[in-house]
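Let's read a structure together, one feature at a time. Have the sequence and the 3D view at hand.

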Amino acid sequence: ACSTGSIEPTPCFPGTFAAQKGQSECESCLAGTSSDRGSVACDECEAGRYAANAGQGLCVPCPYPLSSVNGSVTCSFCMEGHYLQDTSADPDDIFKSPTEYCKPCPPDAICATNTTLETLGIPRNHWRASLLTTEIHECDASDHCSGSGSAADNSRRRLAGSGGAGPGCHAGHTGPLCEWCVS
């Protein structure tokens, strides 16, 4: 791109781009994207980074322990190995004080990116009393406990029981640690 009155083309500054060669003005990158000096396009911020404002030359890493998806303008959920304790929290509050809201994954739980207390992954042969507790117990009769898998599995299959099974239990079993038989 050329600056007004300049003989030689002047490359666009970081955070801006010239889509066509010889374009006289540089355009700002949109929020959620960034560019290097002399760019012909802006690149989406990768997961775990964000650009809150238009015209940013760099995507900024999310504050620990937050993460984001590609092209984000903020970091709004917890990174892998952590879970969001309070799903009713305001995203701006989470961003300002991430360690108050994102807690380390409890022992024996599975915390993929974007896990909440309700979607904690529970390994096979483990059990928890409700979706609101971080206490996870290994089952004595391990073949009775189905767990809940990863947080991704939880979005498809919550801990709620079905088909004659209690929460986190195989069919035909219910109760604490899935030790009661369903008649």
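Predicted model: local features only at pLDDT ≥ 70, side-chain atom pairs only at ≥ 80, totals over all residues.

Q: How do strands of a sheet pair, and in what order do the strands lie in the open sheet of three strands here?

A: In general, strands of a sheet pair through backbone hydrogen bonds, either parallel or antiparallel. Here the open sheet has the order 10-9-11, and its pairing is mixed.

Q: How many bridges join strand 9 to strand 10?

A: Three bridges do, and strand 9 (residues 82-84) and strand 10 run antiparallel. To find one of the contacts, look at His82: its bridge partner in strand 10 is Pro104.

Q: Which residues gather in the patch of negative charge on the surface?

A: The patch brings together Asp90, Asp92, Asp93 and Glu100. Take Asp93 as a case: it sits in helix 1 (residues 91-96). Its relative accessible area is 34%, which means it counts as partly exposed, a class that lies between the buried cut-off of 20% and the exposed cut-off of 50%.

Q: Where is the place of Asp86?

A: Asp86 lies in the loop between strand 9 and helix 1. Asp86 is partly exposed, with a relative accessible area of 34%.

Q: How far apart are Asp86 and Leu117 in sequence and in space?

A: They are 31 residues apart in sequence, and 7.5 Å apart in space from C-alpha to C-alpha.

Technical notes: Residues numbered from 1 in each chain as written. Heavy atoms only, no water. Pairing = 2+ DSSP bridges. Helix = DSSP H or I, 4+ residues; strand = E, 2+ residues; numbered from the N terminus. Patch = residues over 30% accessible without salt bridge, like charges linked within 9 Å, V, L, I, M, F, W, Y side chains within 5 Å. Areas by Shrake-Rupley, 256 points an atom, 1.4 Å probe, with all protein chains shown as cover. Salt bridge = Lys/Arg side-chain N within 4 Å of Asp/Glu carboxyl O. Lys, Arg positive; Asp, Glu negative; His and termini not counted. Charge placed at Lys NZ, Arg CZ, Asp CG, Glu CD. Buried < 20%, exposed > 50% of the residue type's maximum accessible area, 1.4 Å probe, protein only.
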